[in-house]
Amino acid sequence: MEPLVSGFPLLAQQFKSLFRKNLILSWRSKRSTSLQLFSSAFFIFLIFCIQKALDARFNTTTAFDNVFDPVALVSPPIPPCEDKFYTRLPCFDFVWSGNASSKIGLIVSSIMANNPGRPIPSDKVMSFGTTSEVDDWLFSNPMTCPGALHFSERNATVITYGVQTNSTAVGKQGHFEDPTFKFQIPLQIAAEREIARSLIEDPNFSWVVNLKEFAHPAVATFSAVATVGPTFFLAIAMFGFVFQISSLITEKELKLRQAMTMMGLYDTAYWFSWLMWEGIITLISSLLTVLFGMMFQFDFFLHNNFGVVFLFFFIFQLNMIITQFGFPYSTDYSRTYRAIWSVFPPNLLAEGLTLLSGATATPLDPGISWSRRGKCAPNDTECVITINDIYIWLISTFLVWFVLAIYFDNIIPNSSGVRKSVFYFLNPGYWTGKGGKVAEGGICSCTRSVPPPEDVTPDDEDVHEEENTVKQAASEGEVDTNIAVQIRGLVKMYPGTTKIGCCKCEKTSHYHALKGLWVNVAKDHLFCLLGPNGAGKTTAINCLTGITPVTAGDALIYGCSVRSSVGMSNIRRIIGVCPQFDILWDALSGQDHLHLFASIKGLPPASINSVAQKSLAEVMLTEAAKIRAGSYSGGMKRRLSVAIALIGDPKLVILDEPVC
C-alpha cells in the first residue's frame, strides 16, 4: 500500500476535492444557483422600472435633457379656463376693462374670434369699465378666471394695455402649472396682435410670435441607481450570503464537516475551498450585475469605467463571505480578536444573521425567543457569542462611532473654516458655556499665529470720521443704547494653502477678506452694506452671525460680543437672518418651514400657527403654503427665506441679497 499523502500535497488534494464537491452540489441545485447568479437581473429590472416611472413623471419638461436647438412654439392660444388647475365652474377665459371705448370693444371681439385653433365664446369673457372693477370681481370670484386685460385708448393712434395674471404656481398630481407661459404670454400676444391690426386698419396683418426656451445642458435628475440601488445591490449580495449560510449550516447540522474532520480534513482546505468557490460565484454575479446594468442602459454602468464598477461590486460581495467561516466567532480565537472584529458593525450583522438562521434551520428548531436571547442559540455548538452580546456590541459601537463622529465633526474644519481645538473637550469653558472660542484653519497648521491686520487708512472722510468715533467709544468703554451694532476693527483672514513636505512646511500668503471694519449701526434704522463682488459683504455678515469665526477685532450686537460663545448664543435669540443662498428643505412646505423656525425661535405654541399664516401672507405665499419648497421658483424661495428671517419679530434683521 502506497503511503498516504501528507503536508501540502494533502492540503491541495483536499482543496481540489472539496471544490469539486461544491461544484457538483451547485450544479444539482440549479434553482438556487440560478437565483444566486441571476438575482441581479431581477433587482436591476426593478430599478429600471422605478427609473422609467420617474422619467414618465417628468417627461413633460426638458430640464433633464440637453437642448441644443430648441423647437419654436408659434403663437400659443388662450386656453380654455377649464384647463387651469383647480378651477371653479362656471369659469371665464379672461376678463377685460375699458368697455367705454367702442374701438377697444372691437379689439376684444377680434381677440376672441382670432384665437388660434379655438374661437372664444362670448359667455367665456366678461367686460368692465375700470381696473378697480376687475379687481373687485376677481376678489369676489376666486379661482374662476386665469387672467385679465386692461385697455386704455389714449388717442386715435395710441392704445395701451396691461396684463394681469396670478404668478403663483399651482400644483396638481406632482405637476405644476406655469401661469406666465400658459396664460400671461397668450393674452399678451393676442392683445398686441389685435391692437396692431386695429391701428393700421388691416385685419389680415400677419403677427406671428415664436417662443423658444434657452438652449441648455441637462440638470442633474433623480437617479434610481444612486437612491435605491444600494438597497437592491445589498439584496443581490444577500442572495449569495443566504445560500452560503444555508450550505454551511447544512453541513454543520448534518455533521458532515465533523465527519470530514474525523477523516483528517484540514480546516484550511475547507475554508479555502468555500472561499474559492464563493469567490468565483461572486465574481460571476458581479460581472452579471454590471452587464445587466449596461443592458438596461443605466448611465451608472455605461459612463463609469467597467473595471471600476466591476471591482467595486466584486469586493463588496466578497466581503460578505469572510465571516461565514466562523472567524473569529469560535473557540479557536481569543476574546481580543472577537472584540477587535466586532467594532465593525457589518461583522456583527453577519454573525447575527448566522445565529438567527441557524436557530430556524429546520421546522422543528425553536428559534431564539426574547427570554433566551442571552443564552446560546439553538444549533450553535460553540456558543462564543449570543444575540444579546451582539445587541450590546452594536449599541456600544454605535456610541463609540457617535462620540467619534461628534469629536471629528468639531475638530475638522467645516466649509467656512470653523473648528475647535483638538483638545477642546479638556477646556472647562466648553462644558460650562462660559468660554471656548472657536478656531480656524486646519488641524495641522504650520503656524497658529495670526498675521497683524493691515493698516488701511480710509480714503473717504466720512468713513474716517466714523472709524474714529467707533474707536473712541471702544477705548472709553462706552455702550450707546441707541447703537444696535458696533463693529470694532473686524478682521477676517483666510490662510493660504499649506504644503507639507519632507522636514519642511511651505505655506502661501494669507488673504484678508476684511481689513479692519469700524462702523456703528443705529437702532431702528435701515443700514445697507454696498460694494462690488469680493468686497467682503457676505464675510462681514457671516462674522456677525457666527457662521465664520473672527480673526481679529470684535463686534457688539446689543452689547453682546460675537467672539464669545455666550454672547453669540444671546445674539442668535434676538436676530433674524436671511442668508445669501436659500437654506430650505425641498420636502418641507413653506408652512412647515415657518412652524419649524417659529418653534426653534421659541414662539409660544398657541401663536405659531397664526404667526406662520401672517408671515406667509406678508410675503404673498398663502396659496403656496402647503406646496413643497422644492417646487418653488427662485423668487418664492427668497420670499420664504425673508419670512423666516422675520419670524418672532427680531430686534435686528440681517438680509444678505434678499432680492434675486
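What follows is a walk through a predicted model, with a short account of what is found at each stop.

**The disulfides**

Begin with the cysteines, because a disulfide is a pair of cysteine sulfur atoms within 2.5 Å, and a search of the whole structure finds two of them. Select Cys81 and Cys91, whose sulfur atoms lie 1.9 Å apart in a disulfide. Both of these cysteines sit in the loop between β1 (73–74) and β2 (94–97), 10 residues apart, and both are buried. If you look along the S-S bond of Cys81 and Cys91, the torsion is about 65 degrees, so this disulfide is right-handed.

Next select Cys376 and Cys383, which form a disulfide with their sulfur atoms 1.7 Å apart. Here the torsion about the S-S bond is about -90 degrees, so the disulfide is left-handed. Cys376 is partly exposed, with a relative accessible area of 38%, and Cys383 is also partly exposed, at 21%.

**Salt bridges across the sequence**

Start with Arg118 and Asp93, where the closest N and O atoms are 2.8 Å apart. This pair links distant parts of the chain, with Arg118 in the loop between α3 (102–113) and β3 (125–128) and Asp93 in the loop between β1 and β2, 25 residues apart. Is each partner buried or exposed? Arg118 is partly exposed, with a relative accessible area of 23%, whereas Asp93 counts as buried at 2%.

Now select Glu153 and Lys103, whose salt bridge has its closest N and O atoms 4.0 Å apart. Glu153 lies in strand β4 (residues 147–155) and Lys103 in helix α3, so the pair ties together parts that are 50 residues apart in sequence. Glu153 is partly exposed at 34% relative accessible area, and Lys103 is partly exposed at 25%.

**Salt bridges in a helix and in a network**

Move on to helix α16 (residues 461–476), where Glu467 lies. Lys471 lies in this helix too, four residues from Glu467, about one turn of the helix. The two form a salt bridge with their closest N and O atoms 2.7 Å apart, and a polar contact of 2.7 Å also joins their side chains. Glu467 is buried, with a relative accessible area of 10%, while Lys471 is partly exposed at 34%. For one more selection of this kind, take Arg193, Glu194 and Arg197, which are linked in a network of salt bridges.

**A recorded span and a surface patch**

Select residues 269–294, one of the spans that an unreviewed UniProt entry gives as "transmembrane region". In the model this span is 100% helix and 0% strand, and its end C-alpha atoms lie 37 Å apart.

Finish by selecting Val343, Val400, Trp401, Leu404, Phe408 and Ile412, which form a nonpolar patch on the surface with about 500 Å² of accessible area together. Within this group, Val400 is found in helix α14 (residues 387–411), and Val400 is partly exposed, with a relative accessible area of 44%.

Technical notes. Residues are numbered from 1 along each chain as its sequence is written. This is a predicted model: local features need pLDDT of at least 70, side-chain atom pairs count only at pLDDT 80 or more; totals for chains, interfaces and linings use all residues. Side-chain values use heavy atoms; hydrogens and water are left out. Patches are made of residues with over 30% relative accessible area and no salt bridge: like charges are joined within 9 Å, nonpolar side chains (Val, Leu, Ile, Met, Phe, Trp, Tyr) within 5 Å. Accessible areas come from the Shrake-Rupley method with a 1.4 Å probe; for residues, only the protein chains shown count as cover. A salt bridge is a side-chain nitrogen of Lys or Arg within 4 Å of a carboxyl oxygen of Asp or Glu. Helices (H or I, at least four residues) and strands (E, at least two) are DSSP runs, numbered from the N terminus. Buried means under 20% relative accessible area, exposed over 50%, partly exposed in between (1.4 Å probe, protein chains only). A polar contact is a pair of N or O atoms within 3.5 Å; within protein, one must be able to donate a hydrogen and the other to accept it, and residues adjacent in sequence count only if both atoms are side-chain atoms. UniProt positions are given in the numbering used here, feature names are shortened, and annotations may be inferred rather than shown by experiment.
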